Amino acid sequence: MSEKKLKFNSRAIHGGQRPDKAYGAVMPPIYQTSTYAQTTPGAHQGFEYSRSANPTRTALENSLASIENGNYGLAFASGLAAIDAVIKLLEPGDEVVSTNDLYGGSYRLFRQVFEKFGISFRFIGMQNADTIGDHINEKTKLIWVETPTNPMMNVIDIRAVSDLAKKHNLLLAVDNTFATPYLQTPLDMGADIVMHSATKYLGGHSDVVVGALVVKDKALADQLYFLQNASGAVCGPMDSFLTLRGIKTLHVRMQRHCENGRVVAEYLAGHPKVEKVYWPGFKDHPNHDIAKNQMRDFGGMISFVPKGSGYADAIKIVEKLRLFTLAESLGGVESLAGHPASMTHASIPKEEREKSGVVDSLIRLSVGIEDADDLIADLEQAIG
């Protein structure tokens, strides 16, 4: 059967994969080598040096392209390394329009690294796609989107932003980390580049740090491959192997993440000590209809604000959690809790954080695949 005819669950397991040519290994072997023998200069079997390409990483990159409905996948040493490659497509004087609610590491890279080299960044609310055009000018070359956003769970209309990008001849990059291709495939909605912190849901077991880019266009892929090789921020063969192994169970994990996420979100929404819950599955979520249209479910990421609490009270809650682990990151099989203002988004100035809703009392949950009753019990004892 043609791979393109396979449904997602099958592509997660088989997409881009073939038994190893040497001995027929079903799982791509870990090619723990830096270099490859050549019979004469330039004559090799497709691999010269593992920064440029490694068979294990190639297997991962083929899988990434398959599950995102792309043609070319690239794996990096981290999500930020992947973002770094995208911004290096630009030149001094160029401008990026980005959502004002995004991962703190992305904000730090944009403002504290690339602005020094003459690339400017404009951070705006993108929930109403009709207003984005007001912020585009002759210097704009890239629109950077997260949806759902981190940590406010805002939903951005990828198709509408894609139409705008094409109208102005701009690149559109979508950080698909929260949703994963199980829930949405931005390339199918007109995005030029899909980015992942594959550390999160794609790897899925909190045991690897990897980034990914997927594109359809060959010319764009060639530019990114050049940057990947020239800058050298590639992931190693063991990390590639672990991430590929994680992808093979992405569909079953995401189904449970979504199921548990719904239970936890509804529990928090009905809790007398919770002021606000941010989750795109609620009908009163500002862009719920867009989420229903472009996502297949609503995921396991939830943020909430305890009623009448400030910084100290939020800290008490996350410290009392027992089944939810207080830790950076997200998307693992285990449930994690975080305090964005002091953890993942601490690099964003307080005034800027609070403009987008990241107040000191906000708590972010990555709902894992444990028994939902146990997760609710843990939240009950922590919130009181």
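In this predicted model, Arg-18 has a relative accessible area of 60% and therefore counts as exposed, the cut-off being over 50%. Arg-18 sits in the loop between helix H1 (8-14) and helix H2 (55-67).

**Arg-18 and Arg-296**

- The C-alpha atom of Arg-18 is separated by 8.6 Å from that of Ala-59, a residue 41 positions away along the chain.
- Arg-296 and Arg-18 stand 278 residues apart in sequence, and their C-alpha atoms are 28 Å apart in space.
- Arg-296 belongs to the loop between H10 and strand E9 (301-306).
- Arg-296 is exposed as well, its relative accessible area being 53%.
- Not counting residues up to four places away in sequence, Arg-296 touches Pro-181, Tyr-182, Leu-183, Gln-184 and Thr-185.
- Two backbone oxygens lie at 3.1 Å from the side chain of Arg-296: that of Pro-181, which faces a polar atom of the side chain, and that of Tyr-182.

**Thr-185, a partner of Arg-296**

- The side chains of Thr-185 and Arg-296 make a polar contact at 3.5 Å.
- Thr-185 is placed in the loop between helix H6 (180-183) and strand E6 (193-197).
- With a relative accessibility of 5%, Thr-185 is buried, whereas Arg-296 is exposed.
- Neighbours within four places in sequence aside, the contacts of Thr-185 are Ile-67, Glu-68, Asn-69 and Arg-296.

**Helix H5**

- The buried residues of helix H5 (residues 158-167) are Ile-158, Val-161, Ser-162, Leu-164 and Ala-165.
- These buried residues line one face of H5, because they fall within an arc of 160° when seen down the helix axis.
- Such a pattern follows from helix geometry: an α-helix has 3.6 residues a turn, so residues three or four places apart point the same way.
- Asp-163, Lys-166 and Lys-167, on the other side of H5, are exposed.
- The cover over the buried residues of H5 includes strand E4 (140-146), strand E5 (171-175) and helix H10 (288-294).
- At the start of the helix, the backbone nitrogen of Arg-159 has a side-chain oxygen of Asp-157 within 3.2 Å.
- After H5 comes Asn-169, which has a positive phi, near 60°.

- Leu-89 is located in the loop between helix H3 (79-87) and strand E2 (95-99).
- Leu-89 has a relative accessible area of 18% and is buried, because the limit for that class is under 20%.
- Beyond its neighbours within four places in sequence, Leu-89 is in contact with Leu-171, Ile-193, Leu-220, Gln-223, Leu-224 and Leu-227.
- Leu-89 and Ala-230 are 141 residues apart along the chain, and 13 Å separates their C-alpha atoms.
- His-285 is part of the loop between strand E8 (274-278) and H10, and is buried at a relative accessible area of 10%.
- The backbone oxygen of Met-153 is reached by the side chain of His-285 at 2.8 Å.
- Leaving aside neighbours within four places in sequence, the contacts of His-285 are Met-153, Asn-154, Val-155, Trp-279 and Pro-280.

**Largest pocket**

- The largest pocket holds about 580 Å³ of space.
- Its lining comprises 19 residues, and those nearest the centre are Asp-20, Lys-21, Tyr-31, Phe-47 and Pro-55.
- Sorted by class, the lining of this pocket has ten nonpolar, six polar and three charged residues.

**Backbone exceptions**

- Most residues other than glycine have a negative phi, and most peptide bonds are trans.
- The peptide bond from Thr-147 to Pro-148 is cis, with omega near -10°, and Pro-148 lies in the loop between E4 and H5.
- Asn-150 and Pro-151 are also joined by a cis peptide bond, with omega about 10°; Pro-151 is placed in the loop between E4 and H5.
- Thr-180 is not a glycine, yet its phi is positive, at about 65°.
- Thr-180 is in helix H6 and is buried, with a relative accessible area of 0%.
- Ser-329, likewise not a glycine, has a positive phi of about 80°.
- Ser-329 occurs in the loop between strand E10 (325-326) and strand E11 (336-338), where it is partly exposed at a relative accessible area of 24%.

Technical notes
Residues numbered from 1 in each chain as written. Predicted model: local features only at pLDDT ≥ 70, side-chain atom pairs only at ≥ 80, totals over all residues. Heavy atoms only, no water. Buried < 20%, exposed > 50% of the residue type's maximum accessible area, 1.4 Å probe, protein only. Helix = DSSP H or I, 4+ residues; strand = E, 2+ residues; numbered from the N terminus. Arc of directions from axis to C-beta. Contact = heavy atoms within 4.5 Å. Polar contact = N/O pair within 3.5 Å; in protein donor to acceptor, adjacent residues only side chain to side chain. 1 Å grid on protein atoms, 1.4 Å probe; cavity = no way out; pocket = protein on both sides within 12 Å on 5 of 7 lines; lining within 4 Å. Points joined across faces, edges and corners; volume = space filled by probe spheres on them. Nonpolar A, V, L, I, M, F, W, Y, C, P; charged D, E, K, R; others polar.
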